[in-house]
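Keep the viewer open and follow the residues as they come up.

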Amino acid sequence: MMDFARVQKELQECSRDIGSSGITVSPKSDNLARLTGTIPGPIGTPYEGGTFQIDISLPDGYPFEPPKMKFTTKVWHPNISSQSGAICLDILKDQWSPALTLKTALLSVQALLSAPQPDDPQDAVVAQQFMWTSQYLKDYQTFVGTARYWTETFAKSSRLGVEEKVQKLVEMGFSEALARSALDSVGGDENLALEKLCSG
């Protein structure tokens with residue numbers, strides 16, 4: 001059985017120091033098992049300046065079982081699937097400990113953005129590009145350029161930008177709730193949201 005009192009305490013801990021960490025965790029509804037986390041892109045990386053959304057599902061056994069986390073913001077990184085947002089990180093699997101919290105897990109995900117582990121990839125294409133470019137430093141810009149472009153495109157949509165995208169979709173005849181839901185599910189990409197809405 002999930003420890004809801006602990007989850008509430010963790011949410012309070014995250015909201016107390018948003019200013020210093022930049023990390024947020026909030027419930028998707030009144031169900032504390034479904035959360036949304038955000039992390040800022042680490043300074044000095046291609047992810048700098050981006051805000052990345054992470055979908056968090058807490059299993060019944062939490063905190064004795066790890067939370068399930070995946071990026072909803074598209075990101076170009078060897079340990080994160082560019083398709084599904086799945087994250088390859090040991091503490092979200094077999095290295096989880098009940099002493100860890102949602103905040104420490106999100107800090108670990110943020111640290112992973114700074115220090116990719118291409119030997120244990122989630123996305124083989126990105127890992128291959130990362131490893132290949134690491135061997136040939138002059139081509140390292142290929143990886144960095146792609147990661148930075150994805151950050152600019154998917155992780156830097158301002159709140160105003162989101163409202164404009166919602167408005168565009170509403171003008172096309174979709175309800176505001178459907179438009180928001182579609183945009184959320186594809187990390188704010190209005191073209192993918194439109195495809196999703198049109199397909200059904």
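Start with Gln8, which sits in helix H1. Helices (H or I, at least four residues) and strands (E, at least two) are DSSP runs, numbered from the N terminus. Gln8 counts as partly exposed, because its relative accessibility is 45%. The scale runs as follows: buried is under 20% relative accessible area, exposed is over 50%, and partly exposed is in between, with a 1.4 Å probe and protein chains only. Now look across to Val144. Gln8 and Val144 are 136 residues apart along the chain, and their C-alpha atoms are separated by 38 Å.

A word on the source: this is a predicted model, in which local features need pLDDT of at least 70 and side-chain atom pairs count only at pLDDT 80 or more, while totals for chains, interfaces and linings use all residues. Residues are numbered from 1 along each chain as its sequence is written, and side-chain values use heavy atoms, with hydrogens and water left out.

Move to helix H3, residues 102-114. It has 13 residues and spans 19 Å from its first C-alpha to its last, close to the expected 18 Å. That expected span is 1.5 Å times one less than the number of residues. Which residues of H3 are buried? They are Leu102, Lys103, Ala105, Leu106, Val109, Gln110, Leu112 and Leu113. An α-helix has 3.6 residues a turn, so residues three or four places apart point the same way.

Ala105 is next in H3. Ala105 counts as buried because its relative accessible area is 0%. Leaving out residues up to four places away in sequence, Ala105 touches Met69, Ile91, Leu92 and Trp96. Contact here means heavy atoms within 4.5 Å. From Ala105 to Leu89 is 16 residues in sequence and 9.5 Å in space, C-alpha to C-alpha.

Leu106, also in H3, is buried, with a relative accessible area of 0%. With residues up to four places away in sequence set aside, Leu106 touches Ile23, Thr24, Val25, Gly37, Ile39, Ile54, Ile56 and Met69. Val25 is 81 residues from Leu106 in sequence, yet 9.2 Å away in space, C-alpha to C-alpha.

Now the core. A nonpolar core is a set of buried Ala, Val, Leu, Ile, Met, Phe, Trp, Tyr and Cys residues joined through side-chain atoms within 4.5 Å. The largest one has 40 residues, and Ile39, Ile56, Met69, Phe71 and Val109 have the most contacts inside it. H1, E2, E3, E4, H3, helix H4 (124-135) and helix H5 (140-155) each give two or more residues to this core. A second, separate core of 10 residues includes Leu183, Val186, Ala193 and Leu197.

Ile56 links several parts of the chain. Beyond its neighbours within four places in sequence, its contacts include Val25, Leu35, Pro67, Met69, Leu102 and Leu106.

One backbone detail deserves a stop. Tyr62 and Pro63 are joined by a cis peptide bond, with omega about 10°. Pro63 lies in the loop between E3 and E4.

Finish at the second largest pocket, with about 220 Å³ of space. Of its 15 lining residues, Phe71, Thr72, Gln83, Ser84 and Ser185 are the closest to its centre.

Definitions and conventions: On a 1 Å grid over the protein atoms alone, a cavity is a set of points where a 1.4 Å probe fits but cannot get out, and a pocket is an open set with protein on both sides within 12 Å along at least five of seven lines; lining residues have an atom within 4 Å of a point. Grid points are joined across faces, edges and corners, and a volume is the space filled by probe spheres set on the points.
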